[in-house]
Structures are given as C-alpha cells and as structure tokens.
Amino acid sequence: MKFPFKLPMLLDGATATNLMAMGMPSGVCVEKWICDHPSPLKQLQSEFIKAGCEAIYAPTFGATRLHLAEAGLSDQVEAINRQLVRLSKSVAEPAGVLVGGNLSPSGLFVAPYGDADFDDIYDLYREQVRALDEAGVDFIIIETQTSLADMRAAVLAARATDLPVFVTITVDPSGRTLTGGSLLPTILTLQAMDVDAIGLNCSSGPKEMEPLIADIMHHTTVPIIAKPNAGIPMHNAEGSAEGYLSPREFAKEMERLLDAGASIIGGCCGTTPAHIMELNKMLELYTTQAYREQPDEEDVDCYAATIETEAFFLSDNMVFSEPIECSPGLADDLIDLDDERVNIALVKIHSIDDARLLAKTGHMSRLPIAVQAETLPILEAALRYFQGRLIVSSDCSLEREHIEPIAAKYGAIIY
C-alpha cells in the first residue's frame, strides 16, 4: 500500500491549549464552543497554515455521541462534526492544505478493563466517521489513543470509508498505554489492519519520544508519526504556565525524531504556530534524509501474532497444541501450555459466546493464539472481539479464498 501524501509531512500544532490562550474558558464543551465562536479557530488554523503545515486537524476530537451527551448534545453528532469540518475546510482549501477528521478515545473499556461491548464502541466511531466522511475530510486521524479496543474499533469504522487512516497513541515513559498495553504489539496489530500511518502523540516531549520511535522503526512498513508536546510546563506565582520548550528548542529536538525514523511530524499540547514555523524551517534545512519512504515488507520484522501486552514473533516452525475447547477454564488451559512442547495455542471456536470468552481471557496466554472455526460468522466474531492479532488455522472446512478477506480485515495471519 503506497502512502497517499508526500513525505516528509508537516502537521499542525495544538488546538485546545492555543484556544484557551485565546480566551476559550475551561470546562466547556470544546466542540460546541468552537461552533459558537468560530473566529479563534479560523485565526489559529490560518496561522498554522501560514507557518507551513500541510495538514490541519478539524477540531472534532470529542464529537462522538457519548462525549457530546455530557453537554446535552447527543442528537447533534452529524451537525456538529459537519460544522467543525466546514470551518477547517474554509481555511485549508484556499491554501491547498489537507484536513483530517479527528477521533478521540471513546471513554469506554472492554473486558478485562471494563464491561463495555466492543460493538458499542464501534458504533460510536462509525457514526462520527460517517459524518466526517460526508463532510469531506481528507483523512481520518485516530488520536491520543490509550486502549487497543478503541483503536481497533476506530480503524474498522474508518476502513468502511475510502479515506486514509492515521493512528497516534499515547503511552507512558515505558511505552505502556492506559490499559497496560505495550507499544510494539499495538503497532503491529494496527499495521496489520492496513492503517496508512501510525505513531505517537501528546504524552511526552521530543527527547522522551525518541527511543520509542527508534524501537518501532524496524517493525513498521508504514510512515511513523511523531506529534509530541512542548514539554511539561511549570506554573509561576501568578499561575501562568512557564517551561514549555521554545519553538527553536522544540524544532532542534524534533530532529532526533526524524533521525529515529519519523516522517510525519507536528506538535501537541503547548505547541503554537511559532513551533510549527520552526519545524518547517528545520525540515527545509534537514539534509540527512533519515526520514524514509515506506520500506519493503520483507525488510521489516513484522511477522508476529499479538495480545495487547506482547508481540510473539513467529518462525517457520509452528507447532500447534491439541485443540483447546473454550470453557470456563480457558485461561488456565492457555497458561498451562507454557510447559508443553508447542509454540502455538490452538483454540476451537464453536459459537459467538466462545469468541467473546476468548476475547476476555486471551490476554492471559503466554503463547501466540491460533483459532479454528467451521463457519465464517464465528470466525469473524473471534477476530473482531480479540484485542490483538490472531493466527487463523486453515485446517478446517472453510475454503481459504473465503477466509482471506476476513483475515485481511482484522489483520490476522492464515496458516
């Protein structure tokens, strides 16, 4: 899959922190406030474009039905998303700049972290994505993500369109998400689902983000996004924020991320149009060409099954276990396999309930998991609800030509 835009690519900076500096009160519904006060957003985005960015994010970050419900606006998802995109396009289109439709974390968690249903999360995103697509965005950006279930649901929703899909993840310094997921298996899972670009945003500055980008570079076949914040500000006696990296300091440190493998860059919290202007100057002078075009897949080590916390890199010598039936003891059965001479846990899925049970307990496995199903709907349920990348056993009654499109949709490996 060829990346649809020119590389390297310069994104915009922060929206919320800049709007607050321009007078937006704290505690308001940001999306509704922007609709009612469009001038500050249009001024900000015009300044980002003047600074040199090639894409801006429409301020639709919290415009799902669930988030808008907190302001009593759950019936205005389509109208608000359309209006926000229209505002951004009115600034971007005359300048030939792209507009991304922005998706936030859902606020819901599937088992074992909560009791939400994966399909409900998908429906939230699908409603918003449909509105963004109809409003005419150029790509979908799934941003500041903290849960693999959210990311997978949002990618599936976005993939129902023909729009390019970007994902950026927020992790702690050790590379862990809010739900305890590890960065590498998250990257591998989403990449297998055919996202167009993937990376990190928000939770750290450029210096802290550098080793994380370097770690994933050798396992990605798509462009890497780096959109760090400008540091953690201190507050002076008057309560004003001090301590953000200056625009020049920020741009200098961002060179590290290009060297580490990023090819799509921008800024998150604390980054102003001045930061983007310095990034643009830095890109014009950057001569090492360390940013890369998409590598050939055979040159990248991404042949791995995953659970949210671990990537299992596979060899040609796969030794499957005897088929394991889904039962209340499934977690123990998966753990016990660690003592046997097999390197793949093979689980038989007979029903939708089995698929949901595997989704709840599969994170306990110490081995990569393969599934075997005898009908396509049950196979799809197993791949849909599992938060990771599964192997599909072709040793079943299903024809491979029927398995392949379902496996591709969810990024599964057929063996």
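Helices (H or I, at least four residues) and strands (E, at least two) are taken as DSSP runs and numbered from the N terminus. The model is predicted, so local features are reported only at pLDDT of at least 70 and side-chain atom pairs only at pLDDT 80 or more, while totals for chains, interfaces and linings use all residues. Residues are numbered from 1 along each chain as its sequence is written, and side-chain values use heavy atoms, with hydrogens and water left out.

Helix α12 spans residues 330–336 and contains D336. This residue is partly exposed, with a relative accessible area of 45%; buried means under 20%, exposed over 50%, and partly exposed in between (1.4 Å probe, protein chains only). D336 belongs to a surface patch of negative charge that also includes E322, D332, D333 and E340. Such a patch consists of residues with over 30% relative accessible area and no salt bridge, like charges being joined within 9 Å. A salt bridge is a side-chain nitrogen of Lys or Arg within 4 Å of a carboxyl oxygen of Asp or Glu. The place of a charge is taken as CG of Asp or CD of Glu.

Helix α14 (residues 376–385) is largely enclosed by the rest of the structure, because seven of its 10 residues are buried. The buried residues of α14 are I378, L379, A381, A382, L383, R384 and Y385.

An open sheet is formed by three strands in the order β12-β11-β16, with antiparallel pairing. The edges are held by β12 (310–313) and β16 (388–389); each has a single partner strand, so one side of each lacks a neighbour in the sheet. Strands count as paired if DSSP finds at least two bridges between them. Strand β11 (residues 304–307) is joined to β16 by two bridges, and I307 stands opposite G388 of β16.

Backbone geometry was also examined. Most residues other than glycine have a negative phi, and most peptide bonds are trans. The peptide bond between L7 and P8 is cis, with omega about -5°; P8 is located in the segment before β1 (9–10). A cis bond also joins A111 and P112, with omega about 5°, and P112 is placed in the loop between β3 (98–103) and α6 (118–135).

Positive phi values occur at T144, near 55°, and at C202, about 80°. T144 is part of strand β4 (residues 139–145) and counts as buried because its relative accessibility is 16%. C202 is found in the loop between β6 (197–201) and α9 (206–217); with a relative accessibility of 18%, C202 is likewise buried.

Notes. Patches are made of residues with over 30% relative accessible area and no salt bridge: like charges are joined within 9 Å, nonpolar side chains (Val, Leu, Ile, Met, Phe, Trp, Tyr) within 5 Å. Accessible areas come from the Shrake-Rupley method with a 1.4 Å probe; for residues, only the protein chains shown count as cover. Lys and Arg count as positive and Asp and Glu as negative; His and the chain ends are not counted.
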